[in-house]
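Please prepare a structural briefing on the protein shown below.

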Amino acid sequence: MGTYSHQTVLLQEAIHGLNIHEEGTYVDCTYGRGGHTAEIVKRLNENGHLYALDADEEAISAGRARFAGEEGKVTFIHGNFRETVPRLQSYGVDSLNGVLFDLGVSSPQLDDKSRGFSYRGEEPLDMRMDRGQSLTAEEIVHTWTYEALVSVIARYGEEKYAKSIARAIESARNKYRINTTAQLAEIVKDGIPAAARRSGGHPAKRTFQALRIAVNDELQAFEDALTSLIARLHPAGGRMAVITFHSLEDRIAKRTLDAYCKSPELPPGLPVIPEEMKPSMQWINKKPIVPSSDEIEINRRARSARLRIAEKIR
């Protein structure tokens, strides 16, 4: 995951926001192409350590090759980030100085024509982050009910034409096997009124996003991992940095972190806030940090990115 290269401003903001200590313990939950990992590792001394995870085994293999010789500073773990805490515990790690999420599909995954993440081109209808899992986008398209397709496309794609798109998929799959991204993109296009297709980007964008999220159970995995890792942040300054690329992820990040940063509703006139009711975290940035226009010009995939950072205070 992660569409950022090490030159981008938002990546540097995330690294700065983590307030990295050279002897600290950190987690990059989404190794992707390694930009964040590289920036963290170079700030650590021999007593600091980074655990870099990715569901994509190809990303992990590339990471191990890139950071050969840095084994004392970085450990690579292949797995879904909802597995982060138990995997860290297997290394004897219970307290963290910082955690980073850079969600979404990485540029290598988008550009790899065998992965099926892109609606532009002729690719197998796959969309798995972890190729070891069995569920693919092709299976969803062919075996899930009309009602399930509507639910997924509407919920995860925020697509108002979910019903007509699901109906178009159902009609097409009764006639032939839908096994390429080009076929699906054309079917989705046919399910959207012509007038609506003329604005808002590629007509298949939201449906492809929805299927990718469903294939990889991305939102629930993110929420599970975020909550479990907040509990492992060091109580005096441990930080969480999250880069999201669409509103559903951002809402989870904001809602979850806000729950730890806000004081609860208190009875009027309460003279002292009980210690156990005080917030355990504070926002480092009240509003999300967004990429500059120059950055978007360089990397169009970054245009929807949002960075949120919060710190553990007790």
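In this predicted model, Met127 lies in the loop between helix 5 and helix 6 (137–143), where helices (H or I, at least four residues) and strands (E, at least two) are DSSP runs numbered from the N terminus. Residues are numbered from 1 along each chain as its sequence is written. The model being predicted, local features need pLDDT of at least 70 and side-chain atom pairs count only at pLDDT 80 or more, whereas totals for chains, interfaces and linings use all residues; side-chain values use heavy atoms, with hydrogens and water left out.

**Loop residues**

- Met127 is not a glycine, yet has a positive phi of about 75°.
- Met127 is buried, at a relative accessible area of 0%; buried means under 20% relative accessible area, exposed over 50%, and partly exposed in between (1.4 Å probe, protein chains only).
- Asp217, likewise not a glycine, has a positive phi of about 50° and sits in the loop between helix 11 and helix 12 (218–230).
- With 31% relative accessibility, Asp217 is classed as partly exposed.
- Leu44 belongs to the loop between helix 2 and strand 2 and is buried, its relative accessible area being 5%.
- The C-alpha atoms of Leu44 and Thr25 are 9.0 Å apart in space, and the two residues are 19 apart in sequence.

- Six of the six residues of strand 2 (residues 49–54) are buried, so the strand is largely enclosed by the rest of the structure.
- From strand 2, His49, Tyr51 and Leu53 point one way, while Leu50, Ala52 and Asp54 point the other way; all are buried.
- Strand 1 (residues 25–28) pairs with strand 2 in the parallel sense over four bridges, pairing being assigned if DSSP finds at least two bridges between two strands.
- Within this pairing, Thr25 is opposite His49 in strand 2.
- Between strand 1 and strand 2 the chain passes through helix 2 (residues 35–41), in a right-handed β-α-β crossover; right-handed means that, with the strands pointing away from the viewer, the path from the first strand over the helix to the second runs clockwise.
- Strand 2 also runs parallel to strand 3 (residues 74–78), to which five bridges join it, and Tyr51 stands opposite Thr75 in strand 3.
- The chain crosses from strand 2 to strand 3 through helix 3 (residues 57–66), and this β-α-β crossover is right-handed.

**Overall dimensions**

- The protein comprises 14 helices and seven strands.
- Its radius of gyration is 21 Å, close to the 20 Å that the globule rule gives for 314 residues, so the protein is as compact as a globular protein of that length; the radius is taken over C-alpha atoms, and the rule is 2.2 Å times the number of residues to the power 0.38.
- Along the principal axes, the C-alpha atoms fill a box of roughly 65 × 60 × 40 Å.
- Of the 314 residues, 53% count as buried.

**Largest pocket**

- The largest pocket holds about 900 Å³ of space.
- On a 1 Å grid over the protein atoms alone, a pocket is an open set of points where a 1.4 Å probe fits, with protein on both sides within 12 Å along at least five of seven lines; lining residues have an atom within 4 Å of a point.
- Among the 30 lining residues, Leu110, Tyr119, Lys205, Arg212 and Arg303 are the closest to the centre of the largest pocket.
- Helix 11 gives the most to the lining of the largest pocket, with five residues.

Conventions
Points joined across faces, edges and corners; volume = space filled by probe spheres on them.
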